[in-house]
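Here are some notes to read alongside the model. Keep the sequence open and find each element as you go.

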Amino acid sequence: MTGKEILHKMKEKVQEKVGLNPSNNAESGKGKSKMSKNITHGYHLVKGKANHPMEDYVFAEFKQVNGSELGLFAIFDGHLSHVIPDYLKANLFNNILNEPDFWTEPENAIRKAYRLTDTNILEQAIDLGKGGSTAVTAILINCQKLVIANVGDSRAVISKNGVAKQLSVDHEPASERESIENRGGFVSNFPGDVAPVDAIKGIKDARSAAKHLTEEAVKRNSKDDISIIVVKF
């Protein structure tokens, strides 16, 4: 996997609880695998120009579980409230890892955990209030297997030598509206733009690459808050 980079990009709000510095409206972080010195991650979040609170959440860490290493990466894009992305950050990965078949059939376990988490949110709608969130997750298992999942227009992209390939499928509001509304949800649209993956070709540091992508998106007149995680292989 040497030379590949996984990039998770999402437009929309950034929440203070991830450590946002109010003085410059930006927040960064980085980490690395204990299993492979070549695998690192970095993230960068920037508040956009829209007049609303920041409600993005980033989850990025390497974790030792049952003698194995998991790279857990996610961005949750909140709508109307930080409550749902906060709930996802606290529960989604736990639900995934608690699925009995996670280690043998991770793809199936992730699907079931996404459904379970969605059901739990809907069942607690009165307490959680009006709002929602998109999500994109990436789980790297022992530096060998990568599993991607997403809900909404959160996006995962893989790049090799500056050539990008989208790994997730955006769930566009127009095509998903009926299904969402039939389940008691709602659809809202927020315009924005993100930079292409080839913009970070040649940048070796994962956090610097994430920061550069946010800067490119701002230059392209994105009005929304921008959250990016780069995982470099």
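1. Start with the whole chain. This is a predicted model. The protein exposes about 11600 Å². Carbon and sulfur atoms supply 48% of that area. Of its 233 residues, 49% count as buried.

2. Next, the inventory. The secondary structure comes to five helices and 10 strands. Take the contacts between residues at least 6 apart in sequence: 64% of them join residues at least 24 apart.

3. Now find the open sheet. Four strands form it, in the order β4-β5-β6-β7. Their pairing is antiparallel. β4 and β7 stand at the edges. Each has a single partner strand, so one side of each is left without a neighbour in the sheet. On average, neighbouring strands here are turned by 10° against each other, direction ignored.

4. β6 and β7 are joined by seven bridges and run antiparallel. V136 stands opposite N150 in β7. As a rule, side chains in a regular strand alternate between the two faces of the sheet.

5. Two helices deserve a look here. α1 lies across β4, β5 and β6. Its direction runs at about 35° to β6. α2 packs on the sheet too, touching β6 and β7. The direction of α2 makes about 25° with that of β7.

6. Leaving aside neighbours within four places in sequence, its contacts include F62, V65, L97, F102, W103 and I139.

7. Is M54 buried or exposed? M54 sits in the loop between β3 (40–46) and β4. Its relative accessible area is 13%. The cut-off for buried is under 20%, so M54 counts as buried. Its C-alpha atom is separated by 9.8 Å from that of D224, 170 residues apart along the chain.

8. Finish with a hairpin. β8 (residues 155–160) and β9 (residues 163–166) run antiparallel, joined by four bridges. The bridge partner of I158 in β9 is K165. Two residues lie between the strands. In the turn, N161 has a positive phi of about 55°.

Note on methods:
Residues numbered from 1 in each chain as written. Predicted model: local features only at pLDDT ≥ 70, side-chain atom pairs only at ≥ 80, totals over all residues. Heavy atoms only, no water. Buried < 20%, exposed > 50% of the residue type's maximum accessible area, 1.4 Å probe, protein only. Contact = heavy atoms within 4.5 Å. Areas by Shrake-Rupley, 256 points an atom, 1.4 Å probe, with all protein chains shown as cover. Pairing = 2+ DSSP bridges. Axes fitted to C-alpha atoms, helices over the stretch in contact; angles between N-to-C directions.
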